[in-house]
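Let's take a walk through this fold, one neighbourhood at a time. Keep the viewer open and follow along.

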Amino acid sequence: MKKFTLTLLVVLLASVQTFAQNVQVTGRVVGEDGNPIVGAVVMVSGTQQGVTTDASGNYAITAPARGILEFSLLGMISLTEEINGRTQINAKLIANAEEIEVVVAYGSAPRKAGTVIGSVDKVDAAKLADRPSTSIMDAMQGQVAGLSVMTSSGEPDALSTFRLHGIGTLNTTSSKEPLILLDGSPITTGTLLAMNSSDIESINVLKDASSTSIYGSSAANGVIYVVSKLGRRNVDEGVKVTLKEQYSVSTVAKPRLQAMSTNQYTQYLYDLGVIDQNDMAELNAFGDTDWFNEIYQPAPMNQVDLSVTGGSEKTAYHFSGSYLNQDGVTQQSGMTRYTFRANVESQAQKWLRTGANIGLSYYNSTNSQDVDNFGNWFTNPANGAILIPHYQTAYDENGEEIQILDYTGGYPSPLVFDNLFPRNKNRLQLNGSTFVQLTPIENLNIRSNLAVNAFDNNTKNTSSPDYVHANGSGWVQQGWQRNYNWTLSNTIEYKFRVAEDHSFIALAGQEGKYSNSEYTNLRMMGVKDSRFMYLNQGVSIQAPPPVTLTESAYYSFFGRVDYDFREKYYVDFSLRTDRDSRFGKNRQAATFYSAGVMWNLKKENFLQNADWLSRLSMKFSTGTSGNSNIGEYAQYATLAATTYDGKSGWNPDSAGNSNLGWESQRLSTLGIHAGFWNKLNIEIDLYDRKTSDMLLNKPVPRTSGFATIASNVGEMVNRGIDLTIDYTILRNKNWLVSTRGTFNYNHNEVTSLFDGLEEYPYDPDGFNIMKIGHTIGEWKLKEYMGVDPATGDWRWNDGKGGYTNDFDTAPYIETGKSWFAPYTAGWNFTATWRGLTFSMDWTGVFDKWMWNNTLYFSENPGFADGSVNQSTGALNYWKKAGDNARYPALSYGYDMPYESTHMLEDGSFIRLKNLTLSYALPKSVLKKTGFLSDARVFVGGRNLVTITKYNGLDPEVDAMFTLDNYPNTRQYTFGIELTF
């Protein structure tokens with residue numbers, strides 16, 4: 001017993017001595033994929049002693065035998081390990097932000113990047129935060145290769161448009177945008193406008209057949225999958241309350257197109273022979289009113305967001321509310337928005353999971369006038385800023401705004417016009433979904449999901465009786481629209497393995513949708529008091545109010561099988577059958593499929609130990625999808641109500657087509673994704689997209705009694721390449737510097753039309769064409785070849801290799817230039833040092849050609865009669881022999897021709913889309929407050945720099961014509977975010 005006691009004492013003393021001494025600890029730090037992490041920091045806890053890992057992820061450090069090692073790297077979750085006398089400690093660090101996950105709807109479980117064959121890009125919440133824009137999609141510009149995002153207007157309630165991999169249909173009225181899903185349920189772009197970006201966790205863009213075909217109907221243009229935020233279960237963080245406020249100011253950048261000053265314009269009119277020297281002196285005496293500065297004013301925006309997020313053992317939740325008030329840069333332009341969201345998910349039982357995501361919003365907006373409403377130029381702010389002569393004053397001698405402008409032919413001033421003719425709308429938006437998921441046995445999930453997307457829209461336009469030309473009688477027009485869409489889906493999914501090496505996911509499901517829309521509007525005339533602009537104050541109805549009611553329904557059955565062998569070889573296959581009420585009874589049903597394969601080369605034995613290679617995979621997919629975006633009753637021969645000689649009746653309205661069927665698309669994609677040194681990632685996708693049986697209102701002989709008939713005609717292709725490059729420039733304990741670039745080239749070509757035609761107009765005027773062998777949207781105009789230096793006369797391409805001075809005999813020329821840009825790109829740079837983060841996003845659109853028809857009014861002697869100002873570009877006219885001028889010699893009375901290439905301009909642009917600088921206070925400082933867990937301040941800007949040759953107000957216009965477009969704005973923002 002004594003010997004045992006003595007021995008035990010010796011061992012204990014030796015142990016104490018050992019733990020009191022320092023030891024040499026070595027090891028390796030790797031990531032989740034097992035690849036080494038370079039530059040990871042290994043610190044001895046409580047000291048300043050530390051080392052960084054080498055190129056192989058190895059480290060060596062001397063530390064107390066009873067000490068603690070801390071492993072950290074910016075952007076990764078820190079890890080601590082007790083040494084306990086060990087001399088070798090390996091560590092695995094996990095990314096702070098989750099890997100890209102593809103959320104497949106209809107109950108399929110999320111899967112991480114590297115295990116999904118489909119081509120999917122993810123934009124997380126950080127990219128959407130701190131953006132001073134009401135449009136969520138505006139922040140997506142340049143973020144995803146192949147996704148074109150354009151915001152055509154600076155109106156606060158303007159919607160962005162987006163296209164994926166070019167134009168997929170010849171139909172000019174059909175939507176060319178991807179299918180949008182919110183948490184798996186269909187929504188519209190209007191729903192995105194009504195959402196708060198702080199409620200979004202990520203936006204996933206599904207681009208190839210393997211990822212989109214399962215969605216069948218309307219997935220022909222790709223899928224945008226929006227994931228809203230939700231709390232987390234089984235976390236010890238407690239309830240997280242976040243309060244965020246930001247304040248912004250919007251301004252308009254002056255375009256390259258500048259209006260003439262008073263002196264310039266009066267001299268121009270004198271040279272033109274419109275006025276004499278006495279007129280010049282009289283007009284010059286009125287001064288020089290810059291109408292651009294009068295019309296466009298700085299506009300503030302204020303937004304407050306409040307959210308509560310948390311979770312327990314069984315339940316996760318996210319509740320939020322937001323208030324936004326944004327003024328437009330013109331009078332009577334602005335929006336006020338309220339949003340509320342409640343996302344709850346509960347694991348009620350081991351076998352039962354339920355959840356509900358509910359979003360409710362209300363916004364009220366006012367809009368400035370456009371040319372279409374009143375048919376004149378000056379009342380529209382965008383035109384008035386250029387076309388109102390500068391000798392026309394804006395205020396009278398008492399400082400009051402002038403209602404009628406003397407020098408514009410009696411038109412009202414745009415400064416007061418919006419007050420006399422205000423346009424208002426308000427919208428109540430509801431989107432939500434609820435699900436029940438049963439798991440009767442392990443890995444078997446049975447799920448039922450019900451979703452609704454609905455809105456009530458109310459518009460009100462008025463004409464004040466105070467308008468001097470109204471003769472004391474105004475009018476009120478009010479419209480109502482109610483729209484709702486129900487979606488019910490049921491799925492069963494089973495995951496299983498065979499012999500450990502073979503993994504399967506099998507999914508089968510059913511989906512049904514019902515849509516209903518009602519609309520009517522009424523205009524009452526004879527309102528006498530501007531204080532009571534209501535329908536009941538009118539005395540007569542202008543015309544019988546139109547009333548529309550549309551309904552549609554479809555249902556689908558689908559299935560999908562995913563297989564992988566040792567996470568090395570992947571195969572998937574999907575099949576879906578859709579039936580849609582919008583097609584003829586003979587062709588309502590269609591079947592779509594997809595198949596894909598992927599080879600994860602990094603898992604091969606010959607590459608597993610290649611430390612320099614962090615990822616390498618090849619994938620190929622092919623499949624079909626459909627488009628049913630056409631009017632609800634185009635398949636039927638219909639009648640419409642009409643009146644004649646005071647009596648009501650019916651007249652034929654549409655011819656109908658019982659054989660009208662699905663527009664279909666076949667898409668094949670080949671992709672290579674590679675990663676090097678855990679720093680550089682390169683993704684290349686080549687795609688070939690063919691669309692056939694396109695939904696088009698085909699012209700028919702007028703003798704039939706109709707102008708067009710809905711048909712399935714034509715074919716077109718889009719082929720291109722997506723390139724994405726990510727590079728982590730520097731990553732250590734204090735620094736994270738990274739850059740990301742995206743690029744897309746898309747070649748669009750029409751391969752077939754209808755009735756043997758080689759060419760057909762794409763727009764009513766015929767200046768934009770679709771032609772076999774050409775890109776859709778190409779311009780066909782008479783080519784202006786400049787001024788003859790000897791005579792000062794204009795010249796036009798005669799189509800024979802020469803030129804003619806006779807515009808009428810000049811032929812229309814195919815320019816080979818389209819308003820759909822084939823090249824788009826984006827570039828991001830982000831640098832984080834401790835709590836300070838700097839980020840900027842650039843975007844580029846190239847080879848986009850726009851018809852700047854503002855020039856027809858602002859650089860045309862035919863309109864220079866003293867009432868319509870001209871731009872300084874009109875001063876570049878021929879004066880003497882030898883002049884190399886843009887315009888011919890002045891000759892009052894002639895109009896610069898309309899359908900001419902002199903108005904066709906390069907609308908390519910490079911834009912600094914977003915720039916932000918933020919600072920997060922240190923945790924050690926916040927801990928002292930006792931209630932703050934995070935605090936961050938940020939400043940930023942949007943559209944700060946634009947490089948373009950385009951002369952209009954803004955090149956970011958997704959339209960053929962650019963007259964009177966409300967310009968995009970430049971915004972500066974400041975904000976603060978506190979988390980409790």
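Start with an open sheet of 5 strands, in the order 12-17-18-15-16 and with mixed pairing. Strands here are DSSP runs of E of at least two residues, helices are runs of H or I of at least four residues, and both are numbered from the N terminus. Two strands count as paired if DSSP finds at least two bridges between them. The edges are strand 12 (120-124) and strand 16 (185-187), each pairing on one side only. Neighbouring strands of this sheet are turned by 25° against each other on average, direction ignored; the axes are lines fitted to C-alpha atoms, for helices over the stretch in contact, with angles running from 0 to 180 degrees between N-to-C directions.

Inside the sheet, strand 17 (residues 200-206) and strand 18 (residues 223-228) run antiparallel and are joined by 6 bridges. To find your bearings, look for I200, which stands opposite S228 in strand 18.

## What you are looking at

This is a predicted model, in which local features need pLDDT of at least 70 and side-chain atom pairs count only at pLDDT 80 or more, while totals for chains, interfaces and linings use all residues. Residues are numbered from 1 along each chain as its sequence is written, and side-chain values use heavy atoms, with hydrogens and water left out.

## Helix 5 and its buried side

Now move to helix 5 (residues 262-272), where T262, Y265, T266, Y268, L269 and L272 are buried. These residues sit on the same side of helix 5, because they cover an arc of only 155° around the axis (the arc is that of the directions from the helix axis to the C-beta atoms). Buried means under 20% relative accessible area, exposed over 50%, and partly exposed in between, using a 1.4 Å probe and protein chains only.

What do the buried residues of helix 5 pack against? Their partner is helix 6 (277-284), with contact meaning heavy atoms within 4.5 Å.

In soluble globular proteins, nonpolar side chains tend to be buried together. A nonpolar core here is a set of buried Ala, Val, Leu, Ile, Met, Phe, Trp, Tyr and Cys residues joined through side-chain atoms within 4.5 Å. The largest one has 47 residues, and L170, Y296, I776 and W779 touch the most other members. Among the elements giving it two or more residues are helix 7 (291-295), strand 37 (708-731) and helix 12 (855-858). Helix 9 supplies the largest share, 4 residues.

L170 is worth a click: leaving aside residues up to four places away in sequence, L170 touches M694, L696, M716, V750, S752, L753, Y762, M770 and I776. Apart from that core lies another, of 23 residues, and Y265, Y268, L269 and A864 are among them.

## Aromatic pairs

A search of the whole structure turns up 41 aromatic pairs. Rings of Phe, Tyr and Trp (its six-membered ring) pair if their centres lie within 6.5 Å; planes under 30 degrees apart are stacked, over 60 edge-to-face, and the rest tilted. F292 and Y296 make a tilted pair, 4.9 Å centre to centre with 55° between the planes. F292 is buried at 6% relative accessibility, and Y296 is buried too, at 8%.

F421 and Y467 go edge-to-face, at 5.1 Å centre to centre and 75° between the planes. F421 lies in the loop between helix 10 (414-420) and strand 24 (423-438) and Y467 in the loop between strand 25 and strand 26, so the pair ties together parts that are 46 residues apart in sequence. Elsewhere, ring pairs link F767, W779, W851, Y856, F857, F863 and Y898 into a cluster.

## An antiparallel sheet of four

W779 turns up again in strand 41, opposite N768. Strand 40 (residues 768-771) pairs with strand 41 in the antiparallel sense over 2 bridges. Both belong to an open, antiparallel sheet of 4 strands, ordered 39-40-41-45. Strand 39 (759-761) and strand 45 (813-818) are the edges.

## Positive phi in two loops

N471 is not a glycine, yet has a positive phi of about 55°. N471 lies in the loop between strand 25 (444-463) and strand 26 (474-498), and is exposed at 70% relative accessibility. W677 has a positive phi near 55°, and sits in the loop between strand 35 (663-676) and strand 36 (680-699). Buried or exposed, or partly exposed? W677 is partly exposed, with a relative accessible area of 48%.
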